[in-house]
Amino acid sequence: METKLYLSVDGGGTKLHTLLFDSELRPVGSGVSGAINPNFVPMDLVEQHMLDSIDQALGSAKGQTGVEIEDVWISMPGPTDLYEDLLRQRCHVGAFNRLSEGETAIYSAGLSTGMLVLCGTGATLFYVKDGRVVLYQGGWGSPFGDEGSGADIGCMAIKAALRSYDGWGPKTLLEPGLCDFFGCRAIRETMAAFWQKKDTRGTIASVCRLVGECAKRGDHTARSILTAAGRKAAEQAMAFMHRECLPIEGPVVLAGGAWKSGEIMLTSFVNTMAMRYPMAEIIPSAFDPVIGPVAKMAMGEGGGRLSEKAFARLRSLYPEYQAKWPVLPKAPCSPMPEGVGKLYEIVRER
């Protein structure tokens, strides 16, 4: 029997990831390029990023001609029609399927039902039931919302560095760190370089990594920023649960690159959640969102949760796509509420 090919596409405010895989769920090719959200990136750059990602992925499969793809799953805030047209120009596609970022991310956790706290470049909360988004909150975009996101953390860090430089804020490692991050010698040179960037929002979000590094070195300002980000993410989650009068079915799933900044944000989140929802089961996403459609296929029809056997197989097939979570050095509170304890158990296993 001929092996069929499938494509998973996940795009956002920082990058576009295209993954080609076969009917046995084995990886065939992949492509990674830049941001594709036209609210923050010029359309010519969006198109170029799409082309780059497509060509990288298809280049791994029998060259760029003659490739036939059975199904494509697309999750992105950008112009999906444009991506579909560009892909059709390069290969034959049987069907296109559109997923929200909430649906893709919940599947990447090995689930089809639960509440998702997505803190990536931006921040949005979703309640997904049987693989479909039922409710969502936030996602207002910078500068009006997205608290707890990479853009939020990066913005707070840049402001702190500038206040440190100007002398009306506490001295912080973020000041020299920001210069090094941009490859500049002074703050004014750094900011001049920043304003030359086409994707300013993605650039701000990328500063989140610097905050995590400075926090690990004991910088009080960086640690305060991450503590505030975790608290704000939890406050939004609790407001969401209260506003919709849910007890929400399934666990509270954490996903997105902002969580990778370190254990401080994660600990702040679970401590804040424990004050009001101590029994909530909080779990980290198992894989990057682009694995969502692969996990969905592995679940099969009517499957609500990925089996341990299927989890193990995906981990062996996609080790580079496993979500990287910070090491938690100690329990956030003692004794730990049941849901918080589950989070610590899972993170330590991974």
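**Note on the predicted model: cysteines, helix packing and loop residues**

1. Cysteines. The sulfur of Cys 184 lies 7.0 Å from the closest cysteine sulfur, that of Cys 179, which is too far for a bond. The model is a predicted one. A disulfide would need two cysteine sulfur atoms within 2.5 Å. By this rule the count is zero disulfides. Cys 184 is buried, at 10% relative accessibility. Cys 91 is buried too, with a relative accessible area of 9%.

2. Overall build. The protein chain has 13 helices and 10 strands. Of its 350 residues, 55% are buried. Take the contacts with a separation of 6 or more: 67% of them join residues 24 or more positions apart. The chain exposes about 15900 Å². Carbon and sulfur atoms supply 52% of that area.

3. Helices α4 and α5. Helix α4 covers residues 150-166, and helix α5 covers residues 174-181. Their axes come within 8 Å and cross at roughly 115 degrees. The crossing is left-handed. On the α4 side, the residues involved are Ala 157, Ile 158, Ala 160, Ala 161, Ser 164 and Tyr 165. On the α5 side they are Leu 174, Glu 175 and Leu 178. By class, this contact holds seven nonpolar residues, one polar and one charged. Ser 164 is the polar one and Glu 175 the charged one. The spacing on α4 can be read against helix geometry. An α-helix has 3.6 residues a turn, so residues three or four places apart point the same way.

4. Helix α3. How many of the eight residues in α3 are buried? Seven are, and the helix (residues 101-108) is mostly covered. The buried ones are Gly 102, Glu 103, Thr 104, Ala 105, Ile 106, Tyr 107 and Ser 108. Glu 103 is thus listed as buried despite counting as charged. Just after α3, Gly 110 takes a positive phi of about 80 degrees.

5. Helix α11. This helix spans residues 292-299. Its buried residues are Gly 292, Pro 293, Val 294, Ala 295 and Met 299. What do they pack against? The partners are strands β1 (5-11), β2 (15-22) and β4 (68-75), together with helices α3 and α12 (308-317). Just after α11 comes Gly 300, with a positive phi of about 80 degrees.

6. Ile 291. This residue sits in the loop between β10 (282-284) and α11. Is Ile 291 buried or exposed? Ile 291 is buried, with a relative accessible area of 0%. Beyond residues up to four places away in sequence, Ile 291 touches Leu 19, Tyr 318 and Tyr 321.

7. Gly 12. The loop between β1 and β2 holds Gly 12. Gly 12 counts as buried, at 15% relative accessibility. Leaving aside neighbours within four places in sequence, its contacts are Ala 35, Ile 36, Asn 37 and Pro 77. Gly 120 is 108 residues from Gly 12 in sequence. In space, C-alpha to C-alpha, the pair is 8.5 Å apart.

8. Some background first. Most residues other than glycine have a negative phi. Two residues here are worth a look on that count. Leu 25 has a positive phi of about 70 degrees although it is not a glycine. Leu 25 lies in the loop between β2 and β3 (27-34). Asp 130 also has a positive phi, near 55 degrees. Asp 130 lies in the loop between β7 (123-129) and β8 (132-138).

9. Cover at those two sites. Asp 130 is exposed, with a relative accessible area of 56%.

How values were computed
Residues numbered from 1 in each chain as written. Predicted model: local features only at pLDDT ≥ 70, side-chain atom pairs only at ≥ 80, totals over all residues. Heavy atoms only, no water. Helix = DSSP H or I, 4+ residues; strand = E, 2+ residues; numbered from the N terminus. Buried < 20%, exposed > 50% of the residue type's maximum accessible area, 1.4 Å probe, protein only. Contact = heavy atoms within 4.5 Å. Areas by Shrake-Rupley, 256 points an atom, 1.4 Å probe, with all protein chains shown as cover. Axes fitted to C-alpha atoms, helices over the stretch in contact; angles between N-to-C directions. Left-handed = near helix turned anticlockwise from the far one by under 90°.
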